[in-house]
Amino acid sequence: LLLLSLIAALSACLPDLDPVDPDVTFSHAVELVEAIGFRPTGSEGGLLAGQYILDTFADLGLEDPHFQDFTVGSVAGRNVVASLSGSAYPSSILLVGAHYDSIPHGVGSADNATGVASLLEIARYYGQHPPAYTIRFVAFDAEEIGFLGSGSYYDQSLIQGELDDTLLMLNLDVTDTNDFPPESPLITFIVSHHPPAMEAFRKAREGTLPASALTFPIDAELVEEVFGGGFFSDLHHWRDDPLILAWPQTYGSEYHTIPGSISEIDKMGLAVTTKIILEFLRALQEFSPEDLRVAGARPFRSGE
């Protein structure tokens, strides 16, 4: 009886992960880390990883899955892009990105098989539940050598006028922790100090985690101001533009481990973080484009 009571008490502490499937989410990380392995830009592993993401986008029923090839100096890479059209606001875009390349001699388990796994699981959900806004899913290449893939995508979005219609850039870079119990992960959710964004974060946190969870928001604009370019990931390119910025980060001791392994990723921790990110996106869908739109330049850059 005591054992059953203990099991029941522990189960009550675990968050409700529905509709995130921990096994499906983790399987993407296993594919990238174990089946493919090293995947620096331009390598055989990098090409295989890009193809895997493209095939998964297609299998999930996303629209127009394609490679976006780019060349920067001597570096040739390819982003993987797909979309789901919004049912209510098709001309307004929520951009969700994660880089899939790894450092040269590492399998990129935490950084960033976890972010790609979260990206693909979120795409699976919205493939079954059409979003109110158009969601653009992008797996960026060449993050580890200077954010080159995301920079290329950003430049193309400027040329095509897409940036004017983008209301959010959500960057998924390291979305797992195995240094805390899975029911109380340490997540520093860098997010714009914008009322709908903060409300979406609050709903995501309260709807997923117990009160004891060490999960809190950090003002994105303050991070940028204090560190002067402190977004050391693909979010960097959008930092000056009038849109909501979000970067959920988890804490883990394994980061650029060489060579690294799948054991660095905790399946439950990955699922919990993915659930919070998904709930954040779902909460944003309740607002109108007028509510989500950020007016003008970043406050600390308005005088430049």
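1. A quick term before we start: two strands "pair" when DSSP finds at least two bridges between them. Keep in mind, too, that this is a predicted model. Now look at β3 (residues 89-99) and β5 (residues 166-171): 5 bridges join them, and the two strands run parallel. To find a spot along this pairing, go to Val 96, which stands opposite Leu 170 in β5.

2. Now zoom out to the sheet. It's an open one, built from 8 strands with mixed pairing, and the order reads β1-β2-β4-β3-β5-β8-β6-β7. Which strands sit at the edges? They are β1 (63-72) and β7 (215-219), and each of them pairs on one side only. If you ignore direction, neighbouring strands of this sheet are turned by 20 degrees against each other on average.

3. Next, see what packs on the sheet. Helix α4 (residues 109-128) does, and it touches β2 (75-84), β3 and β4 (133-140). Compare directions and you get about 150 degrees between α4 and β3.

4. Last stop: two helices packing against each other. α2 (residues 22-36) meets α8 (residues 267-284) at an angle of about 105 degrees, and their axes are 9 Å apart. Angles of 65 to 115 degrees count as roughly perpendicular, so that's the label for α2 against α8.

Definitions and conventions: Residues are numbered from 1 along each chain as its sequence is written. This is a predicted model: local features need pLDDT of at least 70, side-chain atom pairs count only at pLDDT 80 or more; totals for chains, interfaces and linings use all residues. Side-chain values use heavy atoms; hydrogens and water are left out. Helices (H or I, at least four residues) and strands (E, at least two) are DSSP runs, numbered from the N terminus. Axes are lines fitted to C-alpha atoms, for helices over the stretch in contact, and angles run from 0 to 180 degrees between N-to-C directions. Contact means heavy atoms within 4.5 Å. Angles under 35 degrees count as roughly parallel, over 145 as roughly antiparallel, 65 to 115 as roughly perpendicular and the rest as oblique.
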